[in-house]
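Here is a short briefing to read alongside the structure.

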Amino acid sequence: GQIDMLQAEVTALKTLVITSTPASPNRELHPQLLSPTKAGPRKGHLRHKSTSSALCPIACPAAGHILTPDKEGKEVDTTLFAEFRAWRESPTLDKNSPFLGRVYREDVGPCLDFTVQELSALVRAAVEDNTLTIEPVASHTPPTVKAPAAEYGSTNTCALSGLARACRHRIRLGDSESHYYISPSSRARITAVCNFFTYIRYIQQGLVRQDAEPMFWEITRLRKEMSLAKLGFFPQEA
């Protein structure tokens, strides 16, 4: 019975190819587009209009670019993609551009908005200027005669959140000799923003040679990492 059904579907397909065109489709011969359990012996079943539109690529009218649906269930936001394409034509680090302005407003700003506001502003400026350094904290600091550099907080208190946390890293801003201990969560938030700016700088310097769509998805992934970090999700250290 299954063989007979398959043969009937092949015959219907041949007939459809001969008698149906995009301009004048034959709506009487479409049973082969249904699953075997739903096709049955019925003839003249009309396919729902939404079926054909779901199989077509997604058009981005603002950018004039064809965006194919992703197998993972991702779908390009046409507004964001148009802003990125416009920025990509003349990449700049100016935060007033629609593309970067949105990322600053929705991701960078909230991700670097810590409890200690004054230090948060300094960290944000250092990240933008690419002058922030993150260093691991040594397990055992050997005693030294020389006076150490100024350090804020402690290995048990995060200088950015003010919370009691085990701080395994510290940050240094620019050429300053001062260090600030930070918790794993604060480090994840800073690192996520730094990763985004690193990729943006690569694009600006012409080091990324890809089409617009793969670049857009990489930026979207980096934005996702910032969103997760600001919500408190961070990888556990070994």
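## Briefing on the chain

The accessible surface of the chain comes to about 15400 Å², and carbon and sulfur atoms hold 55% of that area. Please keep in mind that this is a predicted model. The chain has 238 residues, and 32% of them are buried. Below, the points go from the overall fold to single residues.

**Overall fold**

- The chain contains 8 helices and 6 strands.
- Reading from the N terminus, the order of elements is α-α-α-β-β-α-α-α-β-β-β-β-α-α.
- Among contacts with a separation of 6 or more, 56% are between residues 24 or more positions apart.

**Salt bridges**

- How many salt bridges does the structure hold? The count is 9.
- One of them pairs the side chains of Lys95 and Glu128, with an N to O distance of 3.4 Å. Lys95 sits in the loop between helix H4 (78-89) and H5, while Glu128 belongs to helix H6 (residues 117-129), so this pair ties together parts that are 33 residues apart in sequence.
- Glu106 counts as partly exposed, at 32% relative accessibility.
- Glu135 and Arg172 form another salt bridge, in which the closest N and O atoms are 3.7 Å apart. Here the pair links distant parts of the chain, with Glu135 in strand E3 (residues 132-136) and Arg172 in strand E5 (residues 169-173), 37 residues apart.
- There is a network too: Glu83, Arg102, Glu106, Asp107 and Arg223 are joined into one by salt bridges that share partners.

- You will find Asp107 in helix H5 (residues 98-111).
- Is Asp107 buried or exposed? Asp107 has a relative accessible area of 4%, so this residue counts as buried.
- Its side chain makes a polar contact of 2.4 Å with the side chain of Arg223.
- Leaving aside residues up to four places away in sequence, Asp107 touches Arg102, Arg223, Met226, Ser227 and Lys230.

**Ile200, a buried nonpolar residue**

- Ile200 is located in helix H7 (residues 184-204), and its relative accessible area of 0% makes Ile200 buried.
- Which residues does Ile200 touch, not counting those up to four places away in sequence? They are Trp87, Leu93, Phe99 and Ile219.
- Ile200 and Thr92 are 108 residues apart along the chain, yet their C-alpha atoms are separated by 8.7 Å.

**Cysteines**

- A search across the whole structure turns up 0 disulfides. Cys158, for one, is in no disulfide, and the nearest cysteine sulfur is that of Cys167, 5.2 Å away.
- Cys158 counts as buried, because its relative accessibility is 2%.
- A disulfide needs the two sulfur atoms within 2.5 Å.
- Cys194 is partly exposed, with a relative accessible area of 22%.

- Leu228, Leu231 and Phe233 make a nonpolar surface patch of about 330 Å².
- Phe233 falls in the segment after helix H8 (212-230).
- Why does Phe233 count as exposed? Its relative accessibility is 55%, and the cut-off for exposed is over 50%.

Terms used: Residues are numbered from 1 along each chain as its sequence is written. This is a predicted model: local features need pLDDT of at least 70, side-chain atom pairs count only at pLDDT 80 or more; totals for chains, interfaces and linings use all residues. Side-chain values use heavy atoms; hydrogens and water are left out. Patches are made of residues with over 30% relative accessible area and no salt bridge: like charges are joined within 9 Å, nonpolar side chains (Val, Leu, Ile, Met, Phe, Trp, Tyr) within 5 Å. Accessible areas come from the Shrake-Rupley method with a 1.4 Å probe; for residues, only the protein chains shown count as cover. A salt bridge is a side-chain nitrogen of Lys or Arg within 4 Å of a carboxyl oxygen of Asp or Glu. Helices (H or I, at least four residues) and strands (E, at least two) are DSSP runs, numbered from the N terminus. Buried means under 20% relative accessible area, exposed over 50%, partly exposed in between (1.4 Å probe, protein chains only). A polar contact is a pair of N or O atoms within 3.5 Å; within protein, one must be able to donate a hydrogen and the other to accept it, and residues adjacent in sequence count only if both atoms are side-chain atoms. Contact means heavy atoms within 4.5 Å.
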